[in-house]
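Please look over the model below before reading on. My notes follow as numbered points.

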Amino acid sequence: MDKKILNLLNKWLENDLITESTFDNIINFENNSNPSQKSKVAKTITLIGSLFLLSGLLGTLPLIWDNLAYWAQLILLIVTTLFLIYAANYSEKFEDKNIFIFKSSERVSSVLYFISTISFGSTIAFTLNILNRTIDANFSEEISILIVSFSVFVYSLILYIRTRLIFQHIALFYTSIFFLGSLGNLIFPNIEPWSGGLFLIATGLIWGLYTLNDKLGPSWLGYLLSTSTMSIGFIILIDDLLSSNDLFQIILLISGSIIFVWASIQLSEQVIFYIGGLGLIINLPRLITELLPDNIWPPLILFLVGGVLVAVGLYLNSIRENLKK
């Protein structure tokens, strides 16, 4: 049984929030819900087999690819994709809502669907390549990329709506960026780097809003993808527009990190705090070095500021505990 759940149950029992019979019923339910050793082994074998399948496919294709006719190459990709989809569908039949292996909440079918997304994209790309060679379709590189990106995006969207699993969430996010990026590149071929940063900020912000409204889940993953993408876009944007003013760049980056820390408190999401905290750890020493270019100042000032913040935090926590009493 998960130690966090057990600790919570013990805490609730000690504070008379649940009865002993309820405590025992929950314990029995969780213990009976845990997968058996045979179930773990079967699912592990399936997962390892899928990884071997992908590795073998990538290793074998270069050896036999040139010796296969176009139609045989295409059939091989289609069969591989269909097999992965079938395996994922079949694995769902013996999967339950319990943990998969090593206390992970992910499931075999999610991994197989994720690999099938890669295989599906390869199939679409190769189909377009065959059409260009055999019937002289004359798809430009930009159009080909757009068709592939749109097809994979739609496939990822269907899988995410159907499964709502972590790997499908990741696939949907990056295929969305791939599709929208290829569409933007087609419409604006000479786009400036700062525009790419603005695009990432907008995409991350929209993703975060959808996560906030419970359209995407799990929330921690949606916020992780959102904030990390916004951070990268913000860095690209200010680096291109303010390349001559390092101090202003650093101040803006620190301001963005503070906003993330504030948002993490409002939303009670640790992952946003980690992104904001990482930004502060990276950029605060840069700011101090920029203002006081002496080697001893950055670590000393950070040490003093850190000590003050810890003391203030402990004081505020003690006030909160006293108010509870």
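**Notes on the fold, the core and the ring pairs**

1. The protein has twelve helices and zero strands. Helices (H or I, at least four residues) and strands (E, at least two) are DSSP runs, numbered from the N terminus. The model is predicted: local features need pLDDT of at least 70, side-chain atom pairs count only at pLDDT 80 or more, and totals for chains, interfaces and linings use all residues. Residues are numbered from 1 along each chain as its sequence is written, and side-chain values use heavy atoms, with hydrogens and water left out.

2. Of the 325 residues in the protein, 34% are buried. Buried means under 20% relative accessible area, exposed over 50%, and partly exposed in between (1.4 Å probe, protein chains only). The accessible surface is about 20,300 Å², and carbon and sulfur atoms hold 68% of that. The areas come from the Shrake-Rupley method with a 1.4 Å probe; for residues, only the protein chains shown count as cover.

3. Take contacts between residues at least 6 apart in sequence: 64% join residues at least 24 apart. Contact here means heavy atoms within 4.5 Å.

4. The largest nonpolar core has twelve residues: L146, F153, Y160, I166, L172, F173, I177, F179, W207, L216, L221 and L225. Such a core is a set of buried Ala, Val, Leu, Ile, Met, Phe, Trp, Tyr and Cys residues joined through side-chain atoms within 4.5 Å. Helices α6, α7 and α9 (219-241) each give two or more residues to this core. The most come from α7, with five.

5. Which residues does L172 touch, leaving aside its neighbours within four places in sequence? L172 is in contact with F153, S156, L157, Y160, W207 and L216.

6. Now the rings. Rings of Phe, Tyr and Trp (its six-membered ring) pair if their centres lie within 6.5 Å; planes under 30 degrees apart count as stacked, over 60 as edge-to-face and the rest as tilted. The count by this rule is seven aromatic pairs. One of them, F153 with F179, is stacked, at 5.6 Å centre to centre and 10° between the planes. F153 sits in α6 (residues 141-163) and F179 in α7 (residues 166-187), so this pair ties together parts 26 residues apart in sequence. Both F153 and F179 are buried.

7. F173 and Y174 have ring centres 5.0 Å apart and planes at 80°, so this pair is edge-to-face. F173 is buried, at 0% relative accessibility. Y174 is partly exposed, at 46%.

8. A last item: F150, F153 and F179 form one aromatic cluster.
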